[in-house]
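Q: Before we look at single elements, could you take me through this model one feature at a time, giving the general idea and then the case at hand?

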Amino acid sequence: MRRISLRSLALPGALVAAIVLLAIAAPLLPLPDPVRQDVANRLARPSLMHWLGQDEYGRDVLSRIVWGARVSLSVAFAAALMAAAVGTLAGILGGYFRGMVELVTVRVAEVVLCFPPLLLALLVVTLMGPGAGTLVFSLAILFAPGFARVAYAETLSARALDYVTAQEALGARTGRILFRTLLPNIAPPLIVQFSLTVASAMVLESGLSFLGLGVVPPSPSWGLMIRGARASMEQAPLLLFWPCLALTGTVLVLNLFCDRLRDVLDPRGKAAGRPGFLRRLVALPPAAARPASVTPGLLAMEGLTLEVPSPAGPVQVVRDVSFQLAPGETLAIVGESGSGKTLTGLAVMGLLPAAVRPTAGRILFTGRDGQVVDLLRLPEPEMRRLRGRDLAMIFQDPSSSLNPLVRIGTQVAESLRAHGTTRGTRERVVALLRQVGLPDPERAADAYPHEVSGGQRQRVMIAAAIANHPRLLLADEPTTALDVTVQAQILALLAELKRAEGAMGMVFITHNLAVVNKIADRVLVMYAGEVVEEGPVAEIFAAPRHPYTRALIASMPEGDAERLTAIPGAVPQPWAMPVGCRFAPRCDAAAEACHATAPVLEDVSPGRRARCLRWKEMA
Amino acid sequence: MLAFAARRLAVSLGLVWVVASLVFLVIHLIPGDPAELLLSQGGIAPDPAAVEDLRERLGLNQPLWTQYVAYMGGLLQGDFGLSLQDEHPIGEEIALRLPRTLELVGAAGVISLLFGLPLGVLAALRAGGMLDRALSAWAGLALSIPVFVVGTLTVLVLAQELRLVSAGGYVPLARDPARHLALLLMPAGTIAVGLGAVVFRVTRTAVLEVLERDHVRAAQARGVAPRTIIRRHVVRNALTPVVTVVALHLGSLLGGTVLVEFVFNWPGLSGYLVRAVEARDYPEVMGIVLVISALFVLLNFLVDLLYAVIDPRVRHG
């Protein structure tokens with residue numbers, strides 16, 4: 001990644017270097033004197049002697065452009081250097097010492113930022129009179145606060161870091177800490193700021209010169225050249241064109257250089273992009289035959305495999321996951337973070353992140369009309385008709401899953417409106433909010449999400465999910481983000497809804513086995529993207545056949561657990577999967593063979609499966 | 001909402017007072033006598049008697065706090081003092097020119113939003129695609145052309161070569177609405193080239209960020225149509241940073257239309273400021289800077305109100 005960015009820096013970097021070199025070498029080049037007038041040949045067309053022609057005083061245009069680069073660049077660089085020195089010092093001191101120092105450095109800088117920049121420059125010019133010196137000084141005042149702000153913010157975050165506190169503890173002198181330790185570490189954003197400043201300074205310098213308040217004639221400056229050429233625009237329009245081109249081209253190259261430099265030095269701000277938002281990437285071609293021959297119950301997932309791209313090629317994050325769900329049944333999918341349980345749920349909804357692609361499998365779903373469809377191959381418009389009607393989902397964090405800017409009632413009503421309800425929506429919304437146990441549902445409908453508690457927000461999400469009596473409700477860790485007491489209430493609500501909606505199937509995704517015990521009929525244990533055990537809840541709890549399930553149960557405290565912490569080690573990363581059993585490195589029952597052979601999912605007893613070479617010994 | 005607005009207004013008025021005091025102090029406390037500076041030309045020392053006369057006229061001989069009270073008292077009655085050049089009341093000139101500048105800045109803002117916002121949303125929704133890359137490249141170019149270059153080239157092409165419009169100027173709306181609009185569109189469009197690119201970039205980044213948020217996925221899970229999701233759950237949430245940036249730019253345009261007003265001969269406040277700077281007319285410069293700064297503060301006040309309109313959390317916070 002870094003290498004690619006560096007290469008992208010090469011072209012704009014070379015162009016910037018070329019412009020700077022040209023400006024430096026101006027006195028050595030065989031150019032005519034840029035200020036020597038030749039009034040007899042004023043506005044002369046391009047000739048062998050004067051490649052770009054002569055201006056309104058007969059001066060050589062090419063020479064003035066090259067020399068103008070020298071003036072513009074030196075003013076811009078000098079101003080940027082001054083601003084960088086003053087601003088960075090103020091920012092570092094303010095960020096490191098805080099208190100009074102912060103007040104007189106950073107806060108004062110922010111006052112300067114309150115003035116429109118050109119206005120401030122004009123004010124300085126009023127006080128000091130035009131000229132290159134004034135120009136550098138006023139531009140430095142303008143741009144120093146920018147540096148101060150960047151340096152201040154970076155210092156604030158860097159001063160708490162270990163290597164700084166370590167130096168303080170070692171008794172290093174403050175000056176040493178500031179300039180030997182802190183400064184190099186906050187340099188990258190400052191370098192970006194510097195190149196940005198050079199570009200802005202050039203624009204402002206040329207603007208002020210254009211107004212006649214910057215560089216003083218007859219010194220060549222691009223702004224002055226444009227000013228001069230305006231008068232003779234009718235006779236010699238090209239005279240206007242050359243300095244405009246030089247100025248715009250230089251600023252463009254500098255800006256391009258800044259953008260690339262920022263990507264290399266400061267990659268945090270780089271936006272990733274999500275191209276698949278509107279078009280679901282149906283990665284699988286439609287199946288040859290309609291899958292109606294199977295009787296899938298409500299939902300039958302067959303061999304779902306999901307891949308994400310990585311530098312070393314595609315990586316499987318979910319492999320060969322299969323399960324079935326009957327109407328009215330509740331299946332719990334259990335696993336640690338990274339087990340692939342959430343992706344499995346999102347695959348059912350057709351809401352996988354753009355980077356994740358299904359590569360194999362089927363997700364057969366029986367709709368309201370009894371038709372069986374493969375959700376993995378359903379075109380997006382048809383999929384959308386199912387979402388929120390036949391298929392509904394509740395997410396982990398109700399605070400971020402509700403749009404903070406839209407009233408609660410409107411968001412619940414969306415479920416209804418998206419699927420054809422046009423009349424009596426308001427009454428339905430209030431009834432739904434009452435059904436999920438919101439106090440004062442009339443008022444709650446008009447409230448914004450931030451006006452109700454976290455538990456109530458999850459109730460709102462549930463109300464929106466059950467609005468159209470879905471056949472399948474997916475709940476992805478619906479209680480994880482809530483307080484323990486509220487968790488119990490939400491679980492009770494879900495259990496109650498299940499009773500009320502007899503035929504609704506539910507897939508309950510969680511890492512919390514204690515919850516599973518309360519709500520599910522069957523449980524599917526996932527580990528590192530694979531199903532490792534499946535069976536009825538009571539049987540699994542009584543006699544787990546997989547060491548991982550056994551460890552999960554053992555790590556379950558008497559009360560409600562927040563996290564499963566007792567199993568040593570962590571889930572292996574998708575690109576570094578063990579050759580044999582994926583759980584073997586963390587398994588206390590692992591034998592020699594476990595590290596060599598990957599176990600298959602075997603039928604253990606009717607309705608029970610396990611993926612372990614030694615499942616017989618686990619009984 | 002009302003309490004919120006009242007609180008913000010109080011803070012804003014306080015800020016205007018601070019700015020007015022600051023402008024007063026900067027002019028009076030910097031080394032060098034304004035009267036002497038004003039009268040000295042080309043390094044020739046001015047006549048001491050003339051300097052003394054001018055000091056007397058400007059009230060510079062009185063103690064600083066007396067001058068301060070007098071100045072502030074004048075401001076409260078809308079009295080900005082008299083121009084040094086022609087003894088014309090500064091307040092009147094500002095009242096004449098300010099609406100023209102506001103009209104120009106407002107028109108530029110509207111044009112920028114009209115094309116920057118939809119294009120930004122479009123580019124974000126097709127991030128990485130051909131359209132996105134083409135639009136982003138255009139924005140990079142538009143941001144690199146200094147505004148006076150755009151203006152000068154516009155005059156060159158539209159007025160000189162094609163002779164579609166006159167090279168600039170100003171006609172009051174009441175006298176000839178069509179011509180007024182044509183003359184307004186050139187400078188406003190010139191500003192909008194860069195400003196629109198800014199709006200485009202901010203919108204694109206903000207929309208991309210909002211698209212990643214959970215509530216968008218939750219809305220998808222409800223089966224909401226993409227069009228509704230974009231309008232209600234994406235663009236609305238992306239508006240806050242756009243408003244911030246546009247307001248910031250409009251604010252700096254209040255004093256920054258100098259170049260465009262110069263190129264198109266638009267008789268706004270900026271031209272007045274340049275003239276005042278060239279003549280070193282201190283009372284004029286002070287008055288204009290003060291008005292622009294006060295407008296800047298007012299703009300920030302309006303932006304705060306706008307935040308509250310967009311985001312209910314701000315209203316109640």
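A: Let us begin with the overall division, bearing in mind that this is a predicted model. The centres of domain 1 and domain 2 of chain A, taken over C-alpha atoms, are separated by 54 Å. Domain 1 covers 2-24 + 65-271, while domain 2 covers 275-390 + 470-619.

Q: How should I read the contact between chains, and how many residues of chain A are in contact with chain B?

A: In general, the size of an interface is often given as the accessible area lost when the parts come together. Here the description is by residue contacts instead: 60 residues of chain A are in contact with 61 residues of chain B. Among the elements that give two or more residues to the side of chain A that touches chain B are helix H4 (117-128), helix H7 (174-210), helix H8 (222-231) and helix H13 (408-417) of chain A, and the largest share, 9 residues, comes from H9(A). By class, that side of chain A has 38 nonpolar, 13 polar and 9 charged residues.

Q: How is a sheet to be read, and in which order do the strands S1, S2, S4 and S5 of chain A lie?

A: As a general idea, strands of a sheet pair through backbone hydrogen bonds, either parallel or antiparallel. In chain A, 4 strands form an open sheet in the order S2-S1-S4-S5, with antiparallel pairing. Strand S2 (315-325) and strand S5 (372-374) of chain A are the edge strands, each of which pairs on one side only, and neighbouring strands of this sheet are turned by 10 degrees against each other on average, direction ignored. Within the sheet, strand S1 (residues 299-308) and strand S4 (residues 357-366) of chain A run antiparallel and are joined by 7 bridges, and A:Thr305 has A:Ala360 in S4(A) as its bridge partner.

Q: What joins strand S11 to strand S12 of chain A, and which residue of their hairpin takes a positive phi?

A: Strand S11 (residues 602-605) and strand S12 (residues 608-610) of chain A run antiparallel and are joined by 3 bridges, with A:Glu602 standing opposite A:Ala610 in S12(A). The hairpin has 2 residues between the strands, and A:Gly607 takes a positive phi near 80 degrees.

Q: Finally, how many residues of helix H6 of chain A are buried?

A: An α-helix has 3.6 residues a turn, so residues three or four places apart point the same way. Of the 8 residues of helix H6 (residues 162-169) of chain A, the number buried is 0, and the helix therefore lies largely in the open. Just after H6(A), A:Gly171 takes a positive phi of about 80 degrees.

Definitions and conventions
Residues numbered from 1 in each chain as written. Chains lettered and ligands numbered in written order. Predicted model: local features only at pLDDT ≥ 70, side-chain atom pairs only at ≥ 80, totals over all residues. Pairing = 2+ DSSP bridges. Contact = placed C-beta atoms within 7 Å. Nonpolar A, V, L, I, M, F, W, Y, C, P; charged D, E, K, R; others polar. Buried ≥ 20, exposed ≤ 12 C-beta atoms within 10 Å, placed from the backbone. Axes fitted to C-alpha atoms, helices over the stretch in contact; angles between N-to-C directions. Domains from an automatic or database assignment.
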